[in-house]
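Okay, thanks for coming, everyone.

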Amino acid sequence: MLSTLDIISNGRVELGIGAGWYEQEYLSYGYDFPSNITRIMQLDESISIIKAMWTDNKHVSFQGKYYRIKDAICNPKPIQKPYPTIMVGGSGERYLLKVVAKHADRYNLFFGSLDEMKRKISLLKEYCNSIGRDYKKDIQYSVVLPCIIRESEDEVSKVLAQNKRNDKTIEEYTQYLVNGIAIGTPEKIIEGISKYVDIGVRHFVLHFVGLDDATLGLFDSKVIRMI
């Protein structure tokens with residue numbers, strides 16, 4: 001399906017994949033929910049199969065601990081060569097980041113603070129060096145950040161008050177939103193995003209709180225066009 005979509009979109013597909021975390025989602029669809037380590041090893045095998053199916057012009061066979069295929073076919077092949085960008089997301093350091101170092105073209109961290117992102121990049125440098133990959137050239141870095149953007153701080157405070165959970169104070173809710181690094185006026189958000197750029201992050205996925213057309217328009221005109 002991804003290969004076909006890459007063709008009909010003229011080479012714009014990106015694969016975002018992780019080890020899974022939401023147990024109820026697994027159980028709802030009749031899947032077992034194994035341990036973190038098992039799911040990460042399954043992820044490793046999955047990406048190995050996907051890459052082989054995308055690149056091998058012959059029938060593909062794979063025998064792993066969790067998955068196996070025999071003489072499998074994937075035609076047509078993706079337009080992008082050698083294959084579409086593979087983005088692996090997750091926060092596990094001992095196992096997940098080793099899968100990132102092995103397979104990923106891009107690493108994504110959900111709601112990751114600057115310090116957390118610095119640590120992940122440092123570990124990926126170590127893991128990449130051990131297998132002969134360049135952690136700067138071979139892997140891009142991406143972060144998901146919660147964002148509240150308004151013209152004034154008073155408007156920002158109103159959105160925070162309207163959306164916070166009842167069991168959290170405004171301060172606790174702001175801390176949950178990655179210490180408010182992308183919360184505020186356009187100038188403050190540019191300042192926060194720039195701090196990630198300084199450590200090598202080039203891709204940003206914004207989780208907008210209080211999203212509407214005006215929010216997107218403001219972000220487009222006062223942030224995207226100014227960076």
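Before I give you a burial figure: a residue counts as buried when its relative accessible area is under 20%. By that cut-off, 41% of the 227 residues in this protein are buried. And just so we're all clear, what you're looking at is a predicted model.

So, the overall picture. We've got nine helices and eight strands here. What about contacts along the chain? If you take the ones between residues at least 6 apart in sequence, 64% of them join residues at least 24 apart.

Now the pair I wanted to show you: helix 4, residues 96-103, and helix 5, residues 114-131. How do their axes sit relative to each other? They come within 9 Å and cross at roughly 55°. An angle between 35 and 65 degrees is neither roughly parallel nor roughly perpendicular, so helix 4 and helix 5 are oblique to each other. The crossing is right-handed, by the way.

Which residues make that contact? On the helix 4 side, look for L97, K98, V100, A101 and K102. Across from them, helix 5 puts in K120, L123, L124, Y127, C128 and I131. Sort the residues of this contact by type and you get eight nonpolar, three charged and no polar ones.

How values were computed: Residues are numbered from 1 along each chain as its sequence is written. This is a predicted model: local features need pLDDT of at least 70, side-chain atom pairs count only at pLDDT 80 or more; totals for chains, interfaces and linings use all residues. Side-chain values use heavy atoms; hydrogens and water are left out. Axes are lines fitted to C-alpha atoms, for helices over the stretch in contact, and angles run from 0 to 180 degrees between N-to-C directions. Helices (H or I, at least four residues) and strands (E, at least two) are DSSP runs, numbered from the N terminus. Angles under 35 degrees count as roughly parallel, over 145 as roughly antiparallel, 65 to 115 as roughly perpendicular and the rest as oblique. A crossing is left-handed if the near helix is turned anticlockwise from the far one by less than a right angle, and right-handed if clockwise. Contact means heavy atoms within 4.5 Å. Ala, Val, Leu, Ile, Met, Phe, Trp, Tyr, Cys and Pro count as nonpolar, Asp, Glu, Lys and Arg as charged, and the others, Gly among them, as polar. Buried means under 20% relative accessible area, exposed over 50%, partly exposed in between (1.4 Å probe, protein chains only).
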